[in-house]
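Please view the sequence and the model first.

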Amino acid sequence: MVMKIINKVLTILMQLMWKVVRPGDLKLGDHVYRYGMYGLYSHHGIYIGEGCVIHFTRTESKRTMHPSLFKTSYKHIILSPCPTCGYQKSIDHGVVKTCLNCFRQDGKKLRSVHRYEYGWPLLRFKLARRGTCTMLLDTKLPHQVVDKASELLADNAFGNYNLINNNCEHFATYCRTDNRASEQAVFFNECVRKIKEAKKWTMKELLWRN
C-alpha cells in the first residue's frame with residue numbers, strides 16, 4: 001500500500017517535470033508560463049504562433065505605482081526596443097504581444113517555457129505547485145483562444161493590472177476558458193489569511209498570559 005502511494009506521487013512529480021516545453025514544440029493557443037524571481041512566481045501568456053506570445057503586464061510603471069521609492073533626481077531609463085518584436089518593457093504596458101524571448105526574459109536570464117495544464121483531477125491538483133495547472137476544463141479550440149487574446153490585445157482591454165484580482169494568469173485562463181482564475185492569487189490569499197489568524201491567536205495568548 002505504501003509503495004503504491006510512493007509510486008503515485010513519483011509519477012505525478014515526473015509529469016510536472018515534463019511540462020518544460022521546447023520553443024519548437026509549442027502549439028497554437030498554448031497557455032504558457034515561465035518562472036521569475038528565483039521561482040517565487042510564474043508569468044503567463046498565450047502562444048499565438050510564429051514565435052510570439054500575447055501576455056498581460058503591469059498597466060503602470062513601477063515609478064508611477066511606487067513614486068516614494070524613487071528620488072526626484074532619478075532618471076527614468078528608456079530601454080531599447082527588442083530588435084525582433086519591437087517590445088519596450090519600460091514603455092509598453094497592459095496587454096502586449098512580444099517574441100518568445102521577451103516573454104522568457106527574467107532580468108538578464110532567459111527562463112524555460114512551461115505549458116499550463118487544464119482539467120486536472122483533485123488529487124493531482126492538490127500535489128501540484130500553484131500557478132502550473134487548474135481543475136478548470138479547457139473546451140476552446142486553439143484558434144478561438146488566439147482570437148480572444150488578439151481581441152484583448154487590439155483594445156488593450158483587460159483592465160488595470162492587480163497582483164491579486166487581475167494578473168497575467170487571470171488573463172491567460174480567461175483566454176482559454178472565459179473564466180478569470182489565478183491559482184497563484186488563491187494561494188497567496190490563503191497564506192495571508194493564515195498569517196493573520198496566527199498573529200491574532202498570538203496576540204490573544206499574550207493578552208491572556210498577562
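## A buried lysine

Lys-148 has a relative accessible area of 18%, so it counts as buried; buried means under 20% relative accessible area, exposed over 50% and partly exposed in between, with a 1.4 Å probe and protein chains only. Lys-148 belongs to helix α5. Helices (H or I, at least four residues) and strands (E, at least two) are DSSP runs, numbered from the N terminus. Setting aside neighbours within four places in sequence, Lys-148 is in contact with Lys-140, Tyr-174, Cys-175 and Asp-178, where contact means heavy atoms within 4.5 Å.

The model is predicted: local features need pLDDT of at least 70, side-chain atom pairs count only at pLDDT 80 or more, and totals for chains, interfaces and linings use all residues. Residues are numbered from 1 along each chain as its sequence is written, and side-chain values use heavy atoms, leaving out hydrogens and water.

## Lys-140

Lys-140 sits in the loop between α4 (122-127) and α5. Its relative accessibility is 18%, so Lys-140 counts as buried. Its side chain makes a polar contact with the side chain of Asp-178 at 2.9 Å. A polar contact is a pair of N or O atoms within 3.5 Å; within protein, one must be able to donate a hydrogen and the other to accept it, and residues adjacent in sequence count only if both atoms are side-chain atoms. A polar atom of the Lys-140 side chain also lies 3.1 Å from the backbone oxygen of Cys-175.

## The two sides of helix α5

The buried residues in α5 are Val-145, Val-146, Lys-148, Ala-149 and Leu-152. They cover an arc of only 160° around the axis, which puts them on the same side of α5; the arc is that of the directions from the helix axis to the C-beta atoms. These buried residues pack against β3 (41-49), β4 (52-56), β5 (95-99) and α6 (168-177). On the face turned away from the buried side are the exposed residues Ala-154 and Asp-155.

After α5 comes Asn-156, with a positive phi near 45°.

## Nonpolar cores

A nonpolar core is a set of buried Ala, Val, Leu, Ile, Met, Phe, Trp, Tyr and Cys residues joined through side-chain atoms within 4.5 Å. The largest one has 16 residues, and Ile-46, Phe-56, Phe-171 and Cys-175 have the most contacts inside it. Two or more of its residues come from each of β3, β4, α5 and α6. A second, separate core of eight residues includes Leu-26, Val-32, Tyr-47 and Leu-100.
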